[in-house]
Amino acid sequence: MSVTGGMSEETKPESMSLHPLCAAAPEPELMCIFGTGDLGRSLGQRLLQSGYRVVYGSRRPHSCGPLPQGAQVMSHAAAAQSASLIFICVHREHYGFLETMAPHLQAKVLVDLSNNLKKDMYPEANAVYLQRLVPGAAVVKGLNTLSAWALQNGLLAGKQVYLCGNSAEAKQAVAEMATKLGLTVLDRGSLSAARELEDFPLQLFPEWRLPLRVAIGLTAFFFFYLLIRDVIYAYVEKGEDISYRIMVSLANKVFPIVSLIMLSLCYLPGVIAAFLQLYRGTKYRRFPHWLDCWMLCRKQMGLIALGFAFLHAIYTFIIPIRYAVRHKLISRVVNEMKDNKTTPFYFDNTEAWATDSFYVLGILGFFLYVLLGLTSLPSVGGSLSWREFSFIQSKLGHLTLSICTAHGYVYGWNKFIRPSTYKWYTPPGYMLCLIVPSVVLVLKVLLLLPCVDHTLTRIRQGWERTGPREELSKSKAINL
């Protein structure tokens, strides 16, 4: 009996230590949403998936349409009393009921997600107007750049959202919630910045403006340059009217030129940034503003380059069915039959190798082009680890640039020293387009030389004058 009693006494403390593990988990935080439209339903679904409880405030709680499973719905007053953080997902013109609810919204955090149809639609920002209606609440403007579609499809990882408000505590509460949703939060200061935040969704392709301007400028330049060299030159010097080539032949020369230059412009800023870090001896200084802007729009430049590559491929496929090509082939056969003679046709082994190499490089380059474009899609890139994504975008990206550049060099391998190539003493378009990618590839090779052959004396001497931290930053710069 004593042994039994001793054992029970020994096991008692252990059994007591298990009680905290069996304690009930804390109840998830409750979030309130005013508005049961597309945005309100999508936001509620996303909050539920992130572990929050959700309650909707509605004018018609019993007939407000389908809501996410697990969410509650009640009147505006009852919903406001049950939560401390309330999302306002209604249009500004419906804010009137909030003024009558001001007593229920005292000390609440109101997140204004509204946007306008155009700039300067109202004399004051929606969030400022809301704060004036409910002076006892803490209004935070934010999350208004999120669409219902993005919330429904979960495309939020790493997406940047903006917040502004007069209460630091209220902004902190909203920022913690947004971080839990997978968003990156940027504080834009007081509520006076609300007008700027409300104008963000009204901007038309802000990240595409610079790439589109560059692409349009390059397209216009090379179109008129080749128009002068090919069409106008033939008319002035030979009296031939070949203006019909403008629609297909001329365009099919412009598309690959612009595509290759745009692709090289995706990797040129990274190389410049690497040399800039090596020169400075540290990675802890900001890049110049122009370089920052350039690096932020590399994805858009790459997608535009892929679009021009697609046009080049499609135009190349239709060449055999063009009237001018068919007429030329048929005329040659008819002329030989009329004159009853056969033109000797010799097989050139070198030309055969060059032609096959040209086509193979083009096919491989286009395949890698498409692969790079697919991995830039959020649904595909999100499934890759950072190392896999970096390998595809950097290593395979430079391989794509190398293959496409070689494609251009093989195209003109026997034309570089031919005098007839330089019409009016001007180089052909494909020679001009090879300058930028060749510079990028040469600079990339120079960046790799210190790691392999310990050359680039100036860079190595810079390392000897710096500490370990700066030396580490330089090695990272080489990997750009």
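**Labels and their grounds**

Guide: D120 sits in the loop between β5 and α5 (126–133). The model is a predicted one, and in it D120 has a positive phi of about 55° although it is not a glycine.

Visitor: Why is D120 called exposed?

Guide: The relative accessible area of D120 is 63%, and the word exposed is kept for values over 50%; D120 is therefore exposed.

Visitor: Which loop holds A107, and what makes A107 count as exposed?

Guide: A107 belongs to the loop between α4 (96–100) and β5, and its phi is positive as well, about 65°, although A107 is not a glycine. Its relative accessibility is 70%, to be set against the cut-off of over 50%, so A107 counts as exposed.

Visitor: Why is H398 called buried, and what does H398 touch?

Guide: H398 is placed in helix α16 (residues 386–411). Buried means under 20% relative accessible area, and H398 has 11%, so the label buried applies. Not counting residues up to four places away in sequence, H398 touches Y267, L441 and K444.

Visitor: Why is I228 called partly exposed?

Guide: I228, a residue of helix α9, has a relative accessibility of 40%; since buried requires under 20% and exposed requires over 50%, I228 falls in between and counts as partly exposed. Leaving aside neighbours within four places in sequence, I228 is in contact with Y233 and W424. The C-alpha atoms of I228 and K423 are separated by 9.5 Å, while the two residues are 195 residues apart along the chain.

Visitor: How do you know that the span of helix α9 agrees with its number of residues?

Guide: Helix α9 covers residues 209–238, which is 30 residues, and at 1.5 Å a residue these should span 44 Å; the C-alpha atoms at its ends are 42 Å apart, so the two values agree.

Visitor: Which residues of α9 are buried, and what covers them?

Guide: Among the buried residues of α9 are P211, L218, F222, Y225, R229, D230 and Y233. The cover over the buried residues of α9 includes α10 (249–280), α12 (298–317) and α17 (429–433).

Visitor: What is the strand order of the sheet, and which strands are called edge strands?

Guide: The sheet is open and consists of 8 strands in the order β3-β2-β1-β4-β5-β6-β7-β8, with mixed pairing. Its edge strands are β3 (72–74) and β8 (184–187), each of which pairs on one side only. From one strand to the next the twist averages 30°.

Visitor: How do you know that β7 and β8 are paired?

Guide: Two strands pair if at least two bridges are found between them, and 4 bridges join strand β7 (residues 160–165) to β8, the two running parallel. Within this pair, Q160 has T184 in β8 as its bridge partner. By the requirement of at least two bridges, β5 and β6 are likewise a pair, being joined by 4 bridges and running parallel; here V111 stands opposite V140 in β6.

Visitor: What makes β6 a mostly covered strand?

Guide: Of the 5 residues of β6, 4 are buried, and on that ground the strand is described as mostly covered.

Visitor: Which strands does helix α7 lie across?

Guide: Helix α7 (residues 168–180) lies across β1, β4, β5 (109–112), β6 (138–142), β7 and β8, and runs at about 165° to β7.

Visitor: What are the figures for the protein as a whole?

Guide: The protein has 20 helices and 8 strands, and 38% of its 480 residues count as buried. Among contacts with a separation of 6 or more, residues 24 or more positions apart account for 69%. The accessible surface comes to about 28,100 Å², and 63% of this belongs to carbon and sulfur atoms.

Technical notes: Residues are numbered from 1 along each chain as its sequence is written. This is a predicted model: local features need pLDDT of at least 70, side-chain atom pairs count only at pLDDT 80 or more; totals for chains, interfaces and linings use all residues. Side-chain values use heavy atoms; hydrogens and water are left out. The expected span of a helix is 1.5 Å times one less than its number of residues. Buried means under 20% relative accessible area, exposed over 50%, partly exposed in between (1.4 Å probe, protein chains only). Contact means heavy atoms within 4.5 Å. Accessible areas come from the Shrake-Rupley method with a 1.4 Å probe; for residues, only the protein chains shown count as cover. Axes are lines fitted to C-alpha atoms, for helices over the stretch in contact, and angles run from 0 to 180 degrees between N-to-C directions.
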